Amino acid sequence: ELFGKHCKAYFELPVDYQHPDAQWHIERTINEAINTATTEPQAPVQINCPFREPFYLDKEADIGYSRNPQIINIEPVEANLTEQAWEKLIRRYGQMETVWVVGGQNRMDSTLIDLLDRWKTPIFADIISNLHPLRLGTHHQDISLSKTSFQENITKPDLLITFGQSVISKNMKLFLRKHKPLQHWHLQMAGTAPDTFQSLTHVLPVSPVTFFSHFWQEIGFSETSISEQKFWDKTEKDYQNNLEQYLKEQPFSELEATWHLMQQIPSFSDLHLANSMAVRLANVINFKKAPTDVEIWSNRGTSGIDGCLSTAVGHALNTTRLQTLLIGDLAFFYDQNGLWQKELPNNLRIVLLNNQGGGIFKFISGPQNLPKTLPYFLTPHNRNAENICRDMGLDYVRCSEKEKLENVFSQFFQASSRPKLLEIQTDMDRNVKVWQGLKNLVG
């Protein structure tokens, strides 16, 4: 149990691999491990493989593998509620004046997006929810809800419907914890349900597609919050228009670099977001014109910077789709050995935001006011990735000028025989200033 609660289950193989019963037991254990990992809630499992010394076989020893292992399949089950439960939910739903839907981290699901596009109620979607193709979704609630004056003008929800895992928007969390809805329904097939907003009243063990499909069939669509949806839609459009103009007027920053990335990333590709500032920058930018086939990946949950680079490399090795990683300098240098592969795939693109330190600690309240922030939080350095790219076999490009950004990204995404890394060199204090100005883009 080396990984503790980070794994769904732990398995140990026998030391003896020779006896037929031991071979059967190994196959049985591996079957159980795979089925456990892939059933809801899906999560990693740990398998320990013990070996007796000596570890090395004789030169003449034969190494063979079972050609026909016994495979045990578990057929998927679609969970549903009883008719009485559906009737009770629909009745309660009709009693609520304002309904909000909040999507947490989730896989891309075109059926779910189609259903939510018919839902006439405010839908809030962080970048990691993979709901960016929504025509009327709200994606910048973290900035809007950061202003007290804005909060005073919105109607608080009577019913909150949530699904998915982590939510990035801290201001959304704080707002809903302060203004608790009368009812909070969380859609989750299995496992312990989080109570992120400290208001949970019902856990519904159904998929979001099942839930919204059933409601669509029963009530057509919700008109309870249609005026609220229009309000949030206008806020969203105003923010997007103001953001583009705002960035044009600001000095070169990692926020602007992220904007160009989000606008120019090619179709039929995946975007990996490292933790700390990378995922937050992408969240406040999002897509202006949402590509319906770009899926977002991020190692949320524990939210450490460990393994963000390795995850993107591993994904690139197992797909032909273009894999783009947005990552900060500390996360990149911490995991640089993730590039130590015999052959890195040419579908890998890395956008490295290098501000010479852990810039997030200047963005968030608390550490920025401590006298020891510089040496103990920011970890300043003067490294760049040029030599790492030379050693590991990546094409390297550096950009530190505002005027070159658009053209640099255009060339960066072109096909090549080797993976590429684009290093964006910015000033940390300037990044903080540009970030703080975002609050002024909403009313």
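How many bridges pair β10 and β11, and in which sense do the two strands run? The model on screen is a predicted one.

**Stop 1: the five-stranded sheet**

Start with the open sheet of 5 strands. Select its strands in the order β4-β3-β5-β6-β7 and check the pairing, which is parallel. Now colour the edges. These are β4, residues 123–125, and β7, residues 202–204, and each pairs on one side only. Look along the sheet. Neighbouring strands are turned against each other by 20 degrees on average, direction ignored.

Zoom in on β6, residues 183–187. This strand and β7 pair in the parallel sense over 3 bridges. Show leucine 187, then find its bridge partner in β7, leucine 204.

**Stop 2: serine 199**

Stay in this region and select serine 199. You will find this residue in the loop between β6 and β7. Is serine 199 buried or exposed? Serine 199 has 8% relative accessibility, so it counts as buried. Show what surrounds it. Leaving out residues up to four places away in sequence, serine 199 touches Leu160, Lys180, Pro181 and His184.

**Stop 3: the cavity**

Now turn to empty space. Rolling a probe the size of a water molecule over the atoms shows where empty space is left. Searching the whole structure turns up 1 cavity of 30 Å³ or more. The volume of the largest cavity is about 90 Å³.

Colour the lining of the largest cavity by class: 5 residues are nonpolar, 8 are polar and none is charged.

**Stop 4**

Move on to the largest pocket, which holds about 2100 Å³ of space. It is lined by 50 residues. To find its middle, select Pro41, Gln42, Ala43, Gln105 and Gln165, the closest to its centre.

At least two lining residues each come from β6, α7, β8 (269–273), β9 (295–298) and α11 (308–317). Which element supplies the largest share of this lining? That is β9, with 4 residues. By class, the lining of the largest pocket has 21 nonpolar, 21 polar and 8 charged residues.

The second largest pocket comes next, with about 930 Å³ of space. Select Tyr17, Gln18, Ile26, Phe51 and Gly64, which lie nearest its centre.

**Stop 5: the six-stranded sheet**

Now select the open sheet of 6 strands. Its order is β9-β8-β10-β11-β13-β12, again with parallel pairing. At the edges stand β9 and β12 (395–399). Each has a single partner strand, so one side of each is left without a neighbour in the sheet. From one strand to the next, the twist averages 20 degrees.

β8 and β9 run parallel and are joined by 4 bridges. Show leucine 271, which stands opposite isoleucine 296 in β9. Then move to β10. β8 and β10 pair in the parallel sense over 5 bridges. Here serine 269 has leucine 322, in β10, as its bridge partner.

Now the opening question. β10 and β11 pair in the parallel sense over 6 bridges. Select isoleucine 327 and its bridge partner in β11, leucine 352. Colour β10 by burial too: 6 of its 7 residues are buried.

**Last stop: helix α9**

Finish with helix α9, residues 254–264. This helix lies across β8, β10 (322–328), β11 (348–354) and β13 (420–425). It runs at about 160 degrees to β11. How many residues of α9 are buried? The count is 9 of 11, and the helix is mostly covered. Show the buried ones, including Trp259, His260, Leu261 and Met262.

Definitions and conventions: Residues are numbered from 1 along each chain as its sequence is written. This is a predicted model: local features need pLDDT of at least 70, side-chain atom pairs count only at pLDDT 80 or more; totals for chains, interfaces and linings use all residues. Side-chain values use heavy atoms; hydrogens and water are left out. Two strands pair if DSSP finds at least two bridges between them. Axes are lines fitted to C-alpha atoms, for helices over the stretch in contact, and angles run from 0 to 180 degrees between N-to-C directions. On a 1 Å grid over the protein atoms alone, a cavity is a set of points where a 1.4 Å probe fits but cannot get out, and a pocket is an open set with protein on both sides within 12 Å along at least five of seven lines; lining residues have an atom within 4 Å of a point. Grid points are joined across faces, edges and corners, and a volume is the space filled by probe spheres set on the points. Ala, Val, Leu, Ile, Met, Phe, Trp, Tyr, Cys and Pro count as nonpolar, Asp, Glu, Lys and Arg as charged, and the others, Gly among them, as polar. Contact means heavy atoms within 4.5 Å. Buried means under 20% relative accessible area, exposed over 50%, partly exposed in between (1.4 Å probe, protein chains only).
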